[in-house]
Amino acid sequence: MLEVKSWLEDREQLERVGGLNYLVNLVHRTVSAVNIDALADLVMNKYKRRRLIQAGNRIVKLGYAADVELPEVMEQAESALFAVTGDAYGNTEPTPLADIMVDTYARIDERHTEGGDRRKGVSTGFYDLDGLLNGGLKPGKLITIAARPGCGKSSFVGNVAINMAREGYPAVIFSMEMDKEEWADRFVSQDSEIESDLLQTGKLTHARQWEAVSESVSRLADLPLYIDDSPYLTVTAVRAKVKRLLARTGSLAMVGLDYLGLMEDIGSNSGNLAFSIGKVTRALKQLARECQVPIALLCQLNRGVESRNNKRPTSADLRDSGRIEEDSDVIITLYREELYEPETLDKGVAEVSVVKHRGGASGTVKLLFDAPYTQFKNLVNERQF
């Protein structure tokens, strides 16, 4: 409008066409191409809803098909539903190796220039761990984080998420164990450096503590971090929520799931627990690849660890199913000596071990665990306690 106004004024034609008010009215009366994306999304939304209705009708008919074996009915019903979003067989066709190789040299050269494949990973905020993981968490990977209860699994994934968010990378945590208010208290404790117990009881006695909490709340409110504390979650629900969040944010540096044992899908087939767990881990791995996001899956270690002299966990200690180990691209275990030996010299030190790394090295790094703040930290350049 400003360009048209200037052009008309230069030629003394502005008043002749009706003046500036007329130009403003023209702008307001014209359908803008700015909304074309929203209109296209609306058309696709209605289209997908019609396909969903068709799939639903088909599933209803399958439910009444008593002459078809139940496993086949379930498979056809699942395929009908997934076909709406293309999840059943995927939207791509096999690619000839010749096409794949076209950009290979340039990609390798870029990695050489950038110092490795770090450009594709997002830093965890723990530089020694990033070194083992070749730059951080990579999109499309299923990362299993395992430990015994009380070792700090939830704190660890929360720390990684907040570290990413501070760098501007969106992250989400699906928490079936803690509600969003508990997460908020933890983050404020870590950010304000006020012990978690004081926040839980509200026993803040100094004005500077209240000021620190206020400043922390303000800082944290600006971070692109999302918490979903639905107590009942299925893989299907996670998939839908991740896709909606991706539509809003454009990308996700990490999807955290706390934790595997609380997924609703696990209890749906109690007669074969290993089979149920395997279906969940395989579906999460497929979701990670489909959405090109790293999924950090928390899970428990079995009690066999407690009976050994050396209680440092291995991938064989994953509870209930070898499929967890099979489906995971990366397995990280947490170990704190002080949980077993209170007088240890390594009090406050956590061992973070990469025990499986598909396409990379394994190894162990040490982090500080600041218990009053439920926070993991790098070993140097951090506040000592």
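The legends below describe close-up views of a predicted model.

**View 1. Helix 8 and the residue that follows.** Helix 8 covers residues 153-166, a run of 14 residues. From its first C-alpha to its last, helix 8 reaches 20 Å, close to the 20 Å expected at 1.5 Å a residue. Of its 14 residues, 13 are buried, and the helix is thus described as mostly covered. Just after helix 8, Gly168 takes a positive phi of about 90°.

**View 2. The salt bridge between Asp229 and Lys180.** A search of the whole structure finds 19 salt bridges, and one of them joins Asp229 to Lys180, with the closest N and O atoms 3.6 Å apart. Asp229 belongs to the loop between strand 3 and helix 12, whereas Lys180 belongs to helix 9, so the pair ties together parts that are 49 residues apart in sequence. Asp229 is partly exposed, at 24% relative accessibility; Lys180 is also partly exposed, at 43%.

**View 3. The salt bridge between Glu326 and Arg282.** The side chains of these two residues meet at 3.7 Å, N to O. Because Glu326 lies in helix 15 and Arg282 in helix 14, the pair ties together parts that are 44 residues apart in sequence. Glu326 is partly exposed, with a relative accessible area of 47%.

**View 4. The salt bridge between Lys285 and Asp329.** Here the side chains meet at 3.0 Å, N to O. Lys285 lies in helix 14 and Asp329 in the loop between helix 15 and strand 6, so parts that are 44 residues apart in sequence are tied together. Lys285 is buried, with a relative accessible area of 17%, and Asp329 is buried at 5%. Salt bridges that share partners also join Arg282, Arg323, Glu326 and Asp327 into one network.

Notes:
Residues numbered from 1 in each chain as written. Predicted model: local features only at pLDDT ≥ 70, side-chain atom pairs only at ≥ 80, totals over all residues. Heavy atoms only, no water. Helix = DSSP H or I, 4+ residues; strand = E, 2+ residues; numbered from the N terminus. Expected span 1.5 Å × (residues − 1). Buried < 20%, exposed > 50% of the residue type's maximum accessible area, 1.4 Å probe, protein only. Salt bridge = Lys/Arg side-chain N within 4 Å of Asp/Glu carboxyl O.
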